[in-house]
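Open the model in your viewer and keep the selection panel at hand. The tour goes stop by stop.

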Amino acid sequence: MARSLGRIFRGFQSLGSLAFMKSELNNPSANLSLKSMVQELPSLFSSNPRDFSLPNSSWGTEMRQLYEHYNSQCEAVTDGGEEQGGLWKRLPSYNRSLKYAAAGVYLSKIIQSKARLFTRNIREPGAAFEYAVFVNKKEQRCVCIFQAGHLLEGPPGNVHGGAIATMIDTVTGTHACVHSGFVMTANLNINYCSPIPLGSTVLIESSVDKKEGRKTYISCKVTSTDGTKLHTEATALFVSVSVSHLLKG
């Protein structure tokens, strides 16, 4: 049972909400139906799922350098098991989500076996979405290092606007999950300022503007790695939902 729960935790961590899930299950006053529902879920992930946010051979020099820059400022665990504080925390990223759809729809076994997260569904390294996300809870900031592959073309030689929107939604949504627990996108406004060349690396940075009840407001910008060129600006609104609603509808 502990092993199965561990797999579930790793899956939710890809959404940036592992800490929230643990606190809900460890809370003595937590909803009993939630606990029983999680305990009854079948095994959802392999025992050793691949973390797609780790460096691979397709990463360019800028991608690697920025990854090392933020990773060097992350929380770490020493050989003695002691935790060392850091400004940032890297969030792992997997290609599978729950096999249960929202609104209580149970997916067929064929769909279950083939379902993959949109940004992690292409096996060829470097072909599409290569990214790593880091979060700074103290400053309520999130940064994503994004390298755009050749399969994301829109205008000749440049990244498709829909692919940019996908990454903005991914980063701001992950940030909202870390800040507010499970959320769903309610509104996403995007201003495209300048194109992003295919194969280039950019920074996607988000910050929490405010939280009002179930609503979390986040601002986001996409810039060149040195910050001198603004590619895209966006604002997003996310609404918190309960775990039971997310799993059962």
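Select Gln147 and Ser58 first: the backbone oxygen of Ser58 lies 3.0 Å from a polar atom of the Gln147 side chain.

A note before moving on. This is a predicted model, in which local features need pLDDT of at least 70 and side-chain atom pairs count only at pLDDT 80 or more, while totals for chains, interfaces and linings use all residues. Residues are numbered from 1 along each chain as its sequence is written, and side-chain values use heavy atoms, with hydrogens and water left out.

**Around Gln147**

Colour by secondary structure. Gln147 sits in strand β5, residues 141-148. Helices (H or I, at least four residues) and strands (E, at least two) are DSSP runs, numbered from the N terminus. Is Gln147 buried or exposed? Gln147 is buried, at 7% relative accessible area. The cut-offs are under 20% for buried and over 50% for exposed, with partly exposed in between (1.4 Å probe, protein chains only).

Now show the contacts of Gln147 (heavy atoms within 4.5 Å). Beyond neighbours within four places in sequence, they include Trp59, Met63, Phe129 and Thr201.

**The aromatic pairs**

Show the rings. The whole structure holds six aromatic pairs. Rings of Phe, Tyr and Trp (its six-membered ring) pair if their centres lie within 6.5 Å; planes under 30 degrees apart count as stacked, over 60 as edge-to-face and the rest as tilted.

Select Phe118 and Phe129. Their ring centres are 6.1 Å apart and their planes are at 55 degrees, so this pair is tilted. Phe118 is in the loop between α5 (109-114) and β4 (129-136), and Phe129 is in strand β4. Phe118 is exposed at 53%, whereas Phe129 is buried at 8%.

Phe146 lies in strand β5 and is buried at 2%.

Next, select Trp59, Tyr67, Tyr70, Trp88 and Phe134, a cluster linked by ring pairs.

**Charges over rings**

The test is NZ of Lys or CZ of Arg within 6 Å of the ring centre and within 35 degrees of the ring normal. Arg120 lies over the face of Tyr131, 3.7 Å from the ring centre. End at Lys210, over the face of Tyr217 at 4.9 Å from the ring centre.

Terms used:
Polar contact = N/O pair within 3.5 Å; in protein donor to acceptor, adjacent residues only side chain to side chain.
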